[in-house]
Amino acid sequence: MTTVLPNLPLSTLTETRSPNQQLLPLTAKINDADRLEIGGCDVVELVKQYGSPLYIVDEVTLRTACQQYRDAFKHYYKGASQVLYASKAWNCLAICAIAASEGLGIDVVSGGELYTAIKAGVKPELLYLHGNNKSLDELEYALNAGCTVVADNWWELHTLNRLATDFGIPPQIMLRITPGIECHTHEYIRTGHLDSKFGFDPNDIDAVLEFVAKSQLNCIGLHAHIGSQIFELQPHKDIGQVMVQWFKSARNEYGLHLTELNIGGGLGIRYTESDDPPTIEAWVQAVCDGVTAAFESHGLPLPKLLCEPGRSLVGTSCITAYTIGSSKTVPGVRTYICVDGGMSDNPRPITYQAQYRAVVANRMTANADLLVTVAGKHCESGDILLKDIYLPQTEPGDVLVVSATGAYNYSMASNYNRLPKIAAVLVQDREANLILKRETYQDLIRQDCLPSRLKF
Ligand code: LLP
């Protein structure tokens, strides 16, 4: 048994144990059959048993990431803290249950995510509802469930205040503010710059605080999120300094004693060798130092500090196993290797030009010396999962594993071309448990209606 994965640079696998810096899950090994093993389970055998393509989630990696966030806050922050899992990265019963069992709360952005988290057994006081256009139904559902609502806009504030009368108890809210902090990431996943659809514009904050002070709302704190897949520490270090001014004016000018600060998520992960994100610990330290310095310099008590990472908790815990089928060589141009999934199970390459890495799970020590492009099976030329990567010689039936697919893959999956959504298994200690069943053709038409006049 060896932990060396020659298709990938060894250094990227062994040099750190921060899960967000691993290309493959922490338990990845090559077994004596020259195959990839995750959580003590042979990936090729998992595909035989559960079908292909298959998401394979390593419980150790996921739990380690949760623990590293939690422990780092305890170590670097003198006040109270709470880590939330931004479940938009992957919302399903099992993942929510694992995060909750590690003491994390859950950030949800829709009634559907809230429903799932509640069904997973998450306590209402650890649930936070986000969203820039929550429906009335979603707001009522959240208040009934006892979840905190992160108010994003004026319409919501007015609606929540009206609902307060019906509910008889003041809704517990936080206010999301656009902090005006720029960061380097894909334009679609930046949220904290001023031209963003999320949160209150800083120019509105005085009016918002005044409204809240006179309202029936129980406002416990402020929230900001600057973006996703961020490798710099400074923007997150700066959040404390930006937010403290509003804690101060809330207290001094409007008599609002806000006690919680949520600084969002955003820490990046390693998708390819050239990605170099900071460790979870370094990120938490930067955030804690920034907030502590800002609040102490203004003579304010330290707030309860919340953060809500998604990608860096679940991203590298999962791999996707595909089966290789056809191939095509365009002479002098490229060789396409085609797999049995694609943009329906991983829409990130076509949406954000995201890059990934892959290994051939049934010939792990073969030399990766062929330059190929891995295409999905969808009727769309852009359905390319990996462009110009080196793989060993492959043949139909080989199992191709794409790494770091835990975040925003299943959660953004679709049924494009009516492909059934793929299954997911959770592995640990040589045991595999199904956490998402593979959809069937019957599932695909379950919600279809055929009006009787169309039947023939
Ligand atoms: N909190 C809020 C308010 C957010 O909007 C997000 C992500 C997070 C937390 C979690 O951020 P993370 O730690 O995962 O970076 N679909 C895109 C990512 C969209 C991120 C949306 N918001 C992708 O596949 O890259």
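**Figure 1. The hairpin of β13 and β14.** Three residues lie between the strands of this hairpin, and Gly332 there takes a positive phi near 75°. The model is predicted: local features need pLDDT of at least 70, side-chain atom pairs count only at pLDDT 80 or more, and totals for chains, interfaces and linings use all residues. Residues are numbered from 1 along each chain as its sequence is written, and side-chain values use heavy atoms, with hydrogens and water left out. Strands (E, at least two residues) and helices (H or I, at least four) are DSSP runs, numbered from the N terminus. β13 (residues 318–330) pairs with β14 (residues 334–339) in the antiparallel sense over five bridges; two strands pair if DSSP finds at least two bridges between them. Lys328 stands opposite Tyr336 in β14.

**Figure 2. The pairing of β14 with β16.** Strand β16 (residues 370–375) and β14 pair in the parallel sense, over three bridges. Ala375 in β16 has Cys338 opposite.

**Figure 3. The open sheet of β1, β2 and β3.** Three strands form this open sheet in the order β1-β2-β3, with antiparallel pairing. β1 (29–30) and β3 (41–42) are at the edges and each has a single partner strand, so one side of each is left without a neighbour in the sheet. The antiparallel pairing of β1 with β2 (residues 36–38) runs over two bridges. Here Leu36 in β2 stands opposite Ile30.

Figure 4. α10 covers residues 280–297, and its 18 residues should span 26 Å at 1.5 Å a residue; the end C-alpha atoms are 26 Å apart, which agrees. The expected span is 1.5 Å times one less than the number of residues in the helix. Among the buried residues of α10 are Ile280, Trp283, Val287, Val291 and Phe295; buried means under 20% relative accessible area, exposed over 50% and partly exposed in between (1.4 Å probe, protein chains only). The buried residues of α10 pack against helices α3 (59–76), α9 (234–254) and α11 (311–314), and against strands β11 (260–262) and β12 (304–307). Contact means heavy atoms within 4.5 Å. Just after α10, Gly299 takes a positive phi of about 65°.

**Figure 5. Phe456 in the segment after α13.** Phe456 is placed in the segment that follows α13 (441–445). The relative accessibility of Phe456 is 100%, so the residue counts as exposed. Gly79 is 377 residues away from Phe456 along the chain, and their C-alpha atoms are separated by 69 Å.
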